[in-house]
Amino acid sequence: MDILKERILKEASVINAGVLKLDSLLNHSVDPQLTMEMGKEFASRFAGEPITKVITVESSGIPVAFATALQLGVPLVFARRKKTLLGEPDAYCERVPSFTKGIVTDLIVSRHLLSKEDSVLFIDDIIANGDAARGLIKIIEQSGAKLNGIGIVLEKSFQAGGKALRELGFRVETLVRIQSLEDNTITFED
Ligand code: 5GP
């Protein structure tokens, strides 16, 4: 998506060699038109799959996952992030490190929202080490649902997450891939 690359170059800032700040497009505000384009792109890439639900993680995954679900005509489920000391018997729960917050949070999905009848598409904003994705995949597996694919807006391909998921056999589609943030410069793949 060339338009997305242009917007990233214009609006993102490099925090350090591992972290990009992209508040205007993904993490603190939403461009509805561009987000709908992202949703259309994911929907067309996964058009051949029998998707019954789109799933994401709150909060930054929700807009693009919503746009994708709207295009596919299926419901959207989002995992809640909670810090909890109590067990949640009615929910699937996985503990994951948060890349940007430096803390550990629990991903929680109510059991009644996901079942073995579901074929899900996991959509998210950014993949770094893949911890959030692996946590959500465990939840999907616990529910008995089938994971039909993973769509990520921005893959930082110099970090291990996307590659690790592909090596596990998952289909991972990303809209833009950044191969480096060294020297305060955003370098795309291709
Ligand atoms: P992972 O679990 O793959 O290490 O990190 C995924 C989550 O951390 C994403 O959903 C995203 O919200 C956040 N994240 C990872 N890398 C970045 C980054 O460079 N910038 C921002 N703003 N968020 C990031």
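Tutor: β7 supplies the largest share of the shell around the ligand, four residues. The elements giving two or more residues to this shell are β2 (19-21), β7 (119-127) and α5 (131-143); helices (H or I, at least four residues) and strands (E, at least two) are DSSP runs, numbered from the N terminus. This is a predicted model: local features need pLDDT of at least 70, side-chain atom pairs count only at pLDDT 80 or more, and totals for chains, interfaces and linings use all residues. Residues are numbered from 1 along each chain as its sequence is written, and side-chain values use heavy atoms, with hydrogens and water left out.

Of the 16 residues around the ligand, Leu20, Asp125, Asn129, Gly130 and Lys156 come nearest; a residue is near if one of its heavy atoms lies within 4 Å. By class, the shell has seven nonpolar, five polar and four charged residues.

A polar backbone atom of Asn129 is 2.8 Å from a ligand oxygen. For Ala128, a backbone N or O atom lies 2.9 Å from an oxygen atom of the ligand, and a polar backbone atom of Ala132 is 2.9 Å from a ligand oxygen. The protein covers 91% of the 500 Å² of accessible area that the ligand has on its own (Shrake-Rupley method, 1.4 Å probe).

The ligand sits in the largest pocket, meaning that more than half of its atoms lie within 2 Å of the pocket's grid points. About 660 Å³ of space lies in this pocket.

Notes. A polar contact is a pair of N or O atoms within 3.5 Å; within protein, one must be able to donate a hydrogen and the other to accept it, and residues adjacent in sequence count only if both atoms are side-chain atoms. On a 1 Å grid over the protein atoms alone, a cavity is a set of points where a 1.4 Å probe fits but cannot get out, and a pocket is an open set with protein on both sides within 12 Å along at least five of seven lines; lining residues have an atom within 4 Å of a point. Ala, Val, Leu, Ile, Met, Phe, Trp, Tyr, Cys and Pro count as nonpolar, Asp, Glu, Lys and Arg as charged, and the others, Gly among them, as polar. Grid points are joined across faces, edges and corners, and a volume is the space filled by probe spheres set on the points.
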